[in-house]
Amino acid sequence: MSAIPYLALISALAGLGLAGYFYTTVKAASPGNERMVFLMTEIQKGAKAFLKQEYTWVSVFVVVMMVLLAIVITPLASISYLIGACLSALAGYAGMTVATMANARTTEAAKNGPGAALPIAFRGGAVMGFSVAGLALSGLSLVYLIFVVWLEVDSAFEIVTAYGLGASSIALFSRVGGGIYTKAADVGADLVGKVEAGIPEDDPRNPATIADNVGDNVGDVAGMGADLFESYAGSIIAPIALTAFATGVTATSAGDTGVVELLMFPMMIAFAGMVASIIGSFFVRGGDSTDSKALSRALHMGTNVAMGLTVVATVGIAWWMFGDIADDADGNPLGLAVSVIGGLVVGWALGKCAEYYTSDHFGPVKKIANQSETGPATTVLGGISAGMVSVAASVILILIGVGVAYWGGEQTLGTDGGIYGIAVAAIGMLATTGVVVSVDAYGPIADNAGGIAEMAELDPSVREVTDALDSLGNTTAAVAKGFAVGSAALTALALFKSFELAIVQEGGSLNLNVGDVDVFIGLFIGAGLPFLFAALTIDAVGRAAQAMIEEVRRQFREIPGLREGQPGVVPDSARCVAISTDASLREMIIPGALAVVVPLVVGFIDVDALGGLLAGALVTGFALAIFMANAGGAWDNAKKYIEAGHHGGKGSDPHKAAVVGDTVGDPFKDTSGPAMNILLKVMTIVSLVFAGAFV
């Protein structure tokens, strides 16, 4: 058992090695002609400038949190927090760097068909995927080894939990800031370009096009990477924290039989998932067809192989680690394997549910496209109803997952093992994070590749290939969001239970009786908080987009020959990049701080009210995240479905209505929705880390 943290560390380093290998293969590919290289470089410069400024701003928040942790917990907790924050930022930066390098190379490869382009885009995404998983697991393994195994410090498990808080802090600001940036640029480019000026998407005449492509990388790559980094680390920390606070284990007793198995099982599953993801990544191969179903099969082959290997490994690990414990408790060692596999299957099912509601192969998106025949109002209504219906299906799935995981925990560990089963189910959802993020990060690369093809004025056949890859990218993003939000619900539940146990361990008590007025007040504050958070982020996109729209209109009005596409007339793209950067950084502060400040303020006033707040936020936040992500994805693919030639095709009135729907959905699916699951976990993990101070 003592070797497991070292095994996890070795597998994490192997994942980072694979990321390095994929980086070299992508870099070796041709980036195309001089115009393509110029566009790629402009996107790279904009993305790096944004991340540099964002991390500078966020570093102030990180320093404040470090001081607070050092005073309230221990200076060592602030070190653990800093490690989590730095590695999360590094993962986002590494993924963004290679994504902005892979876009032009994917465009160039698309000249030879999807069989050549798909592997380039996937490998570019795989650098992100294995950087996220490798850095998260290696950092967590090292923190555990240093503070629990080697130094055996007091409050060791609070220090380990602070690592997750560091990751959450970066994830929250990266998701919110990146999401505001990308959607401000996207909305500005679409409304003025496609609707007002009647020019194609990613047209080189549009001043916001470069900013839009930069946004794909800072929001959907760097932001998403920090999000999944935090989700992955949090899913491993949750069962470790739960075990520590339930048993009162210290660093010196962490190797005792009966406790060490519970502490090491999450790391062992992470080890198996990492190895399975590495193997699965080599099964992604492109074919010659631009049919989205064929491309989907090729892309998802890696995920399916990784999931299958993880299932087999989980059964063996559970039997090996819990055989003796289960015999003593008259239980079944495979119960926890059922919990983990149940989480994996439910995560997959949530992804498939998202795919059903967001893919143009199925009824909901086709229905929205049909409703666009009667204008923007019916288009918007169709997307809202599709998103809301998807919540019902997702809630049923998550409840099945909770029930199965709880039952599995009880089968192995007895009546007190159900919550532990739920905690490890979240690891099941994210065990194959390496390959899941690879598939997700592929989407923005394909999107950028299409933009470069349009701006470089390449043959239309190239754009056909990149459009086919991009359309699939919307669905893969929805699938990854299903995994992320499902794991957020389970992880937040486990952390919530850990918070309750931590309060008791510190000599306090937690009352969750909704008949008591303080709990009731907290419940309503929590229920309303996700809506306030969503409103603030959508408002932020609206204000930033307004500035972008005015700038694009100004350039079309004041630069002679720009709108007409006269030779030698180029837009001032740098100005649009600067507008998105400044607006997004300014607007991210209040929503980001809200997630940390509110639970701290309520917790210091009344712990019972904080318990109600966390419960209310978990329920409404989960539903709102699913609704916004799926509604936004459905609107986007309804627009793409029409652009493929249905209902009049590009430039038709239904297309203009669908563009409006897509514009409404942009902040839903790429800003507010994805940030919601981080909001839930940040509030819960802040409450857990500061539980002793509240009491």
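How many nonpolar, polar and charged residues does the lining of the second largest pocket have? By class, 10 are nonpolar, 6 polar and 4 charged. Here Ala, Val, Leu, Ile, Met, Phe, Trp, Tyr, Cys and Pro count as nonpolar, Asp, Glu, Lys and Arg as charged, and the others, Gly among them, as polar.

Before the tour starts, note that this is a predicted model, in which local features need pLDDT of at least 70, side-chain atom pairs count only at pLDDT 80 or more, and totals for chains, interfaces and linings use all residues. Residues are numbered from 1 along each chain as its sequence is written, and side-chain values use heavy atoms, with hydrogens and water left out.

**Stop 1: the second largest pocket**

Select Arg35, Pro204, Val569, Val570 and Pro571. Of the 20 residues that line the second largest pocket, these are the closest to its centre. The volume of this pocket is about 380 Å³. On a 1 Å grid over the protein atoms alone, a pocket is an open set of points with protein on both sides within 12 Å along at least five of seven lines, a cavity is a set of points where a 1.4 Å probe fits but cannot get out, and lining residues have an atom within 4 Å of a point. Grid points are joined across faces, edges and corners, and a volume is the space filled by probe spheres set on the points.

Now colour α2 (34-72) and α6 (209-247), each of which supplies at least two residues of this pocket's lining. The largest share, 4 residues, comes from α2. Helices (H or I, at least four residues) and strands (E, at least two) are DSSP runs, numbered from the N terminus.

**Stop 2: the cavities**

Rolling a probe the size of a water molecule over the atoms shows where empty space is left. A search of the whole structure finds 2 cavities of 30 Å³ or more.

Select Ala189, Asp190, Gly193, Lys194, Pro200, Glu201, Asp202, Asn206, Thr209 and Asp212 to see the lining of the largest cavity. α5 and α6 are the elements that give two or more residues to this lining, and the largest share, 4 residues, is from α5. The volume of the largest cavity is about 60 Å³, and its lining divides into 2 nonpolar, 3 polar and 5 charged residues.

Next, select Arg175, Met224, Asp227, Leu228, Asp440, Ala480, Lys481, Ala484 and Asn677, which line the second largest cavity. About 30 Å³ of space lies inside the second largest cavity. At least two lining residues come from each of α6 and α14. This lining has 4 nonpolar, 1 polar and 4 charged residues.

**Stop 3: two buried residues**

Go to Ser487 in helix α14 (residues 460-505). Is Ser487 buried or exposed? Ser487 counts as buried because its relative accessibility is 0%; buried means under 20% relative accessible area, exposed over 50%, and partly exposed in between (1.4 Å probe, protein chains only). Leaving aside residues up to four places away in sequence, Ser487 touches Ser231, Ala426, Met429 and Leu430, where contact means heavy atoms within 4.5 Å.

Move to Gly451 in helix α13 (residues 433-455). Gly451 has a relative accessible area of 0%, so it is buried. With residues up to four places away in sequence not counted, Gly451 touches Asp202, Asn213 and Arg463.

**Stop 4: two positive phi angles**

Most residues other than glycine have a negative phi, and most peptide bonds are trans. Select Ser155, in the loop between α4 (114-150) and α5 (156-197). The phi of Ser155 is near 55 degrees, a positive value in a residue other than glycine. Ser155 is partly exposed, at 39% relative accessible area.

Then select Glu457, in the loop between α13 and α14. Glu457 is not a glycine either, yet has a positive phi of about 55 degrees. Glu457 counts as exposed because its relative accessibility is 65%.

**Stop 5: aromatic rings**

Rings of Phe, Tyr and Trp (its six-membered ring) pair if their centres lie within 6.5 Å; planes under 30 degrees apart count as stacked, over 60 as edge-to-face and the rest as tilted. By this rule there are 12 aromatic pairs. One of them is the tilted pair of Tyr356 and Phe362, at 5.3 Å centre to centre with 45 degrees between the planes. Tyr356 is partly exposed at 37% relative accessibility, and Phe362 is partly exposed at 32%.

Finish with Tyr21, Phe22 and Phe282, which ring pairs link into a cluster.
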